[in-house]
Amino acid sequence: MARKISMKDAINEALDQEMQRDPTVIVMGEDIVGGTGSPGESDAWGGVLGVTKGLYAKHGDRLMDTPLSESAYIGAAIGAATCGLRPVAELMFIDFMGVCLDEIFNQGAKFRYMFGGKAETPVVIRAMCGAGFRAAAQHSQMLTPIVTHIPGLKVVCASNAYDTKGLLIQSIRDNDPVIFLEHKNLYAHESEVPEESYTIPFGEAAIVREGKSATIVTYGQTVHRSLDAAGALAKDGIDVEIVDLRTLSPIDTDTVIESVEKTGRLVCVDEANPRCSIASDVAATVAQEAFKALKAPVRMVTAPHTPVPFSPALEDLYIPSAERIGDAVRQTMAA
Amino acid sequence: MSDKIIPIIMPKWGLSMQEGRLAEWHVKEGDVIAPGQEIMDVETDKIANVVEAADGGLLRRRVAAEDTVYPVRALLGVLAPEDVPDAEIDAYVEGFVTPEPAEGEEEEGPAYLFVETPAGRLRYAERGGEGDAIVLVHGFGGDLDNWLFNIDALAASGHVFALDLPGHGQSVKKPVGLDDLVDTLEAFMDAAGTGPAHLVGHSMGGAVSAMLALRQPGKVKSLTLVDAAGLGEEINAAYIDGFVAAESRREMKPVVEHLFADKSLVNRQLVDDLMKYKRLDGVDAALRAIADSAFADGHQSALLGERIGAADIPVLVIWGAEDAVIPAAQAANVPGARVEIIPDAGHMPQMEAAARVNEVIRDFLAGI
Amino acid sequence: MTATTTASPTRTGDNPFPLGKEDLLNAYRTMKTIREFEDRLHVDFGRGDIPGFVHLYAGEEASATGIMMHLTDEDRIASTHRGHGHCIAKGVSVHQMMGEIYGKSTGACHGKGGSMHIADLSKGMMGANGILGAGAPLACGAALAAKKLGHKGVGISFVGDGASNQGMFLESLNLAAIWELPVLFVVENNGYAESTSVDWAVASDSYVDRANGFGLPGVTVDGTDFFAVYEAAGEMIRRARDGGGPSLLECKMIRFHGHFEGDAQTYRAKGEIEDIRNNRDCIRQFSRHVREAGVISQAELDAIDADVAKLIDDAVEQAKAAPLPGPADLTTDVYVRY
C-alpha cells in the first residue's frame, strides 16, 4: 500500500519532482516563497497556505515571488511559455482571474489557433477555487464554467491527492495551457499517493463509486458530498454511481453516457452557480446523446444564483449538501 | 464449549486487507459443506473472490448478513455436528471475539519492506514461518499482490518472501531484460538473506525462477512453475502487446479478461489499479524492454523444459486448464515433473483457485 | 528581408553614419517595403478586396526599422494591432503576410489569424495583437525566458500612446524593473489613439518621467528620424543584453493613414495630413540624408524602389491566387493534443 499524503503535499511533490526532471520548469506567484527581499526568513510562507513550502531550498531562483501584478506576471508566464520555458504560475485565487483574464483567454488560449498551429504555450496556471473556507464572495468562487468555455484552455479540478499529483504532473508535461484548479477545502484531504512520478490522462473521469440506481456526475468538493449522500441513499436501497469528472476540458462524456445507459437516471452536481454551469453542460449533452436511456428528467444540483455568502450559516446552505444531492436522486427515482 | 464447533471467519487476503464485504452466501443453514466447496463471495476494495471452505461440516449458523462489511477474522458462520445443542452454539457466537493479530505477525510494522540491490531498490513482503524460505516471483505486469491469496497459507510451510521485480509494483523502474531479472532475483535473495529457497514462479516469473535454478542450483531447493513462461514457444502475443499498449481502462479491460476463466473477476478496481501502475514513470519502457527480451516476434525466447527436467531439482508444474495466455499443453514439457492441471482456472490459478493451488504446493513442499 | 546588427559604428570620412553602406541600403529597403506594402493595402482595401480590418503603419517606418536592425531571430518582439511594419522589419515573409491578410491558407497563420494576429515565432515575432498593451507582459516573458535559459536575447514591447495607459503595460514596466529583465518598451507616440489625441488621454507630459516613475530609464526621440531611433535603441538594447535591465524609448511620430482603413480622420486638423506627408516623411528624410552625404546615389535607391514594387506586386498576385482554407481547417490546431 502506498503512503497517504494530503492534497497539499501531493501538489508540492509534483512540483518538486517535475522541477528535478526538467530544468525549464519554473514556478512563480505571490508569496510562493515568501520573505524574499525582506530582512527575515526566506521561504517564510511557501505560499499563502504553505503548498509550495520547502521548494525554494531545493530549487532556488527557479521559484519567483511576484509583485501584486497578475496581468504582468501571468502574461509573462504565458509569453515565456512560447519561448522555451515551462512556467507554473500561481493565480492565488481563481477569483482574481478578472485582473489577468485577457492574458489567459485572449492571448495564451488563442496563440496556437491564431498563429496557424505554429505556437506552443506549455503554461500551467494553478489557482485555488471553491467555498467552505469562510473566505467570502471574492475568494470562494468555482469559476470552472468560465475557463471551460474558452477553446484553447484545458481545465483540471481534482477531488483527491492521488488524482491531484498525477494530473499536475500531466499538466506540466502537457504542451497546451492548463488551468489547474485546487479546491482549498480539500488541501488537507489525504489519500494513497505513490512516491514515484506518474501521470493521469486528461479527459478520463473516475468512477468513485459503482452503482445501478442512478448516476451522479460531479467534480471537486462535491464528490465527497455525493459520497456522503450515497451512504444515506444506500440505506433505502438506492445504489448510486458517482462519476468524478477530474478534468472539465477535455471532458469524458463517454464515461458519463456509459453510466447513464446503465442507470437511466442522472443528477449533475456542481458547486458553480447555475447559469451556464458544468452541470447544465453535462445535462444538455446527455439529453442530446443519450435521451432514450433516460428514465427520468435530468436534475441539476448547484449553488444558488448568488455570490458566496460570508456567514457560515449561509455558506453551508450555498454549497450543494449531501441532503440536497440525496433529494435530487430520490426525485429521479420517483419520476 | 464443545471442541466440535468450527468457526467460518472472514479471510485475510494479502498484507493490507482490514475488512471485506460478504456479498453473497452460497450455502444455507442445514447444508453439509465439504472442504474446498464454494461457500460465499467476498469483496474487498482490491478484489472480489469466492471463498472455499477451509473445513467441512454441517452449517449450523449463518452469523453474517449478506452485503455487510466485516473485519478480517470476524465470525461469519458456525459449523458443528448435529448433536451440539443450539444453546451451545448461541453461547459460542455470543462469546466470540474477533482475534487481534496473532503474535509474531508484524501488524504494527510496515507490511511492505524495501531492500537495495545493484539493480536498484526493490519492494518485498515477508511472512515469517518456520523452515526454509519460499520465494514467490510474479509474472509480466504483475506484482507481489498477485500472491495475496497464497502468502498466508504458504507461511504455514516455510518463511515466505514475495518481491516486486524491477519495472513492477513499487520496485525500481527502468528498462531490463530477462537476464537482468534473473540476476536481480538472485541479488534479492542474497540481500534479504533468504538462503537456499523454494522458488514459486508465475508466468514470466516461472521462467526467471527456472533460469536461476539452472544457473545457481545451490541456491534453489525446488521449483514450482505456475502457468510458467519458458516451457514452449507459443504465447498469446496479442495479450502481451495489448497489455503494453493499453492507455485507458477501456483498452485494458478486454486484455485483462484473458487472464481468468471467470471474467467476472475482472472488476473495475482491478483494472483501475493496473492503469495506476502502468502510468508510473518508467513502467512502459520497462515492460517494452522485457517483452522485447522475452517475447520478441510473438514467441517465447527462453526454452527451458528439457534442461530443468534433466537437472537434479524437484519440480512441480501447476497450470490452469483454461489458460488463454500460455497453453496448458506446455505443462507437460518438464520431463519427470509433478503436474497438476487445475480445472475451471485460467492463467492465474493462484488467484482463481487459490485454495487448491495452496494445497498442492504445501503438499509438494512437505514431500521434499 | 533579414535584420542585421552592425557591431560597431563605421563612421569614416566618407560615411558619417553609424552604419555601413550595405546596412544603410538594407534600412532603406526595409522602410520602403513597409511603405509600399501599406500603401498597396490602402488601395486594395479601398477597392473592397480585403476582408476585415487593417491598420496601416505608413509614416512610422523609421521606428520599426531603426529598432529591428539591432535584433536577431533570438530576440522577440510583441506588437500591436498596427503590426505590419514590425513584422516586415523583423523578417517575416512579405508573401506570407499578404496571404494572411487575404485570409488564405498560404498565410503566415494559414489564414486563421488575419492582419491583427500575424506571427512568426521562428523569426521572434510573437504576434501582432488585437488587445492593446497585452504584448507588454508577453515581452517580459520572452526576456524572462532568455535570462533563465542563459542566452542574450531581449524582448521588445511595442505600444502606442493609447495603450501606454493600459494597466497591463504599466504593470509590465514595474515587473521588468523589479526582475531586471532585458526588455525594451517602445511607445510609438503618433499623437492619436484611434480618434483620441494623446493630450486628451495621457496625463503625464513626459514618457521619460513616466518610465522613471516606475524605476527604469527613458529616452524620447524623433521617431521619424531613422538615425535617432537607431542610436537610442542600440544603446538600450546593448545595455539590456549586458544585464543592465529594461528601458523605455518614446518615438514621437506620425501615421499617414487613419486608425483603421475606412477612418475618415475628421479628428485631424485641416491640412494636417498634407503637412505631415510633405514635411515629416521619414523615408524622404532618410533618402535626403544619405544622398546629401554622398554615401548612396539616387540610382541605387531607385533600383531598390523597383525591386520593392515588384515584390509587393508579386505578393498580392500570389495572395489573390492562393487557396482559401477548407472546412477541415476550422477545427484544427486549437490544442497541440486534446
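This is a predicted model: local features need pLDDT of at least 70, side-chain atom pairs count only at pLDDT 80 or more; totals for chains, interfaces and linings use all residues.
Visitor: Between which chains are the most contacts found?
Guide: Two pairs of chains touch in this model. No contact joins chain B and chain C, whose closest C-alpha atoms lie 15 Å apart. Among the pairs that touch, the most contacts are between chains A and C.

Visitor: How much area do chain A and chain C bury between them?
Guide: Chain A gives 46 residues to this contact and chain C gives 40 residues. Of the area buried, 64% is on carbon and sulfur atoms. In chain A, the residues that lose the most area to chain C are C83(A), Y113(A) and F115(A), together 19% of what that side buries. The total for the two chains is about 3,400 Å².

Visitor: How many salt bridges does the rule find across the interface of chain A and chain C?
Guide: The interface of chain A and chain C has 17 residue pairs in polar contact, both residues being at pLDDT 80 or more. One salt bridge joins the side chains of D61(A) and K148(C), at 3.9 Å from N to O. For the interface of chain A and chain C, the number of salt bridges is two.

Visitor: Which element gives the most to the side of chain A that touches chain C?
Guide: The elements of chain A that give two or more residues to this side are β2 (25–29), β3 (63–65), α3 (70–81), α4 (101–108) and α5 (111–114). By class, the side of chain A that touches chain C has 20 nonpolar, 15 polar and 11 charged residues. With nine residues, the element that gives the most is α3(A).

Visitor: How many charged residues are on the side of chain B that touches chain A?
Guide: The contact between these chains takes 18 residues from chain B and 21 residues from chain A. On the side of chain B, the elements that give two or more residues are β10 (120–127), α6 (249–256) and α7 (268–278). Two residues of that side are nonpolar and five are polar, while the number of charged residues is 11.

Visitor: What is the count of salt bridges between chain B and chain A?
Guide: Chain B and chain A bury about 1,500 Å² between them, 39% of it on carbon and sulfur atoms. Across their interface, eight residue pairs are in polar contact, with both residues at pLDDT 80 or more. One salt bridge there is formed by the side chains of K173(B) and E196(A), at 2.7 Å from N to O. The count of salt bridges between chain B and chain A is six.

Visitor: Why does the salt bridge of E210(A) and R268(B) join two chains?
Guide: The closest N and O atoms of E210(A) and R268(B) are 3.9 Å apart. E210(A) is partly exposed at 46% relative accessible area, and R268(B) is partly exposed at 21%. The pair joins two chains because E210(A) lies in the loop between β9 (206–209) and β10 (214–218) of chain A, and R268(B) lies in helix α7 of chain B.

Visitor: How many disulfides does the structure hold over all chains?
Guide: The cysteine sulfur closest to that of C83(A) is in C140(C), 12 Å away and therefore too far for a bond. C83(A) is buried, with a relative accessible area of 8%, and C140(C) is buried at 0%. Over all chains, the number of disulfides is zero.

Technical notes: Residues are numbered from 1 along each chain as its sequence is written. Chains are lettered from A and ligands numbered from 1 in the order in which they are written. Side-chain values use heavy atoms; hydrogens and water are left out. Contact means heavy atoms within 4.5 Å. Buried area is the accessible area (1.4 Å probe) that two parts lose on being put together, summed over both. A salt bridge is a side-chain nitrogen of Lys or Arg within 4 Å of a carboxyl oxygen of Asp or Glu. A polar contact is a pair of N or O atoms within 3.5 Å; within protein, one must be able to donate a hydrogen and the other to accept it, and residues adjacent in sequence count only if both atoms are side-chain atoms. Helices (H or I, at least four residues) and strands (E, at least two) are DSSP runs, numbered from the N terminus. Ala, Val, Leu, Ile, Met, Phe, Trp, Tyr, Cys and Pro count as nonpolar, Asp, Glu, Lys and Arg as charged, and the others, Gly among them, as polar. A disulfide is a pair of cysteine sulfur atoms within 2.5 Å. Buried means under 20% relative accessible area, exposed over 50%, partly exposed in between (1.4 Å probe, protein chains only).
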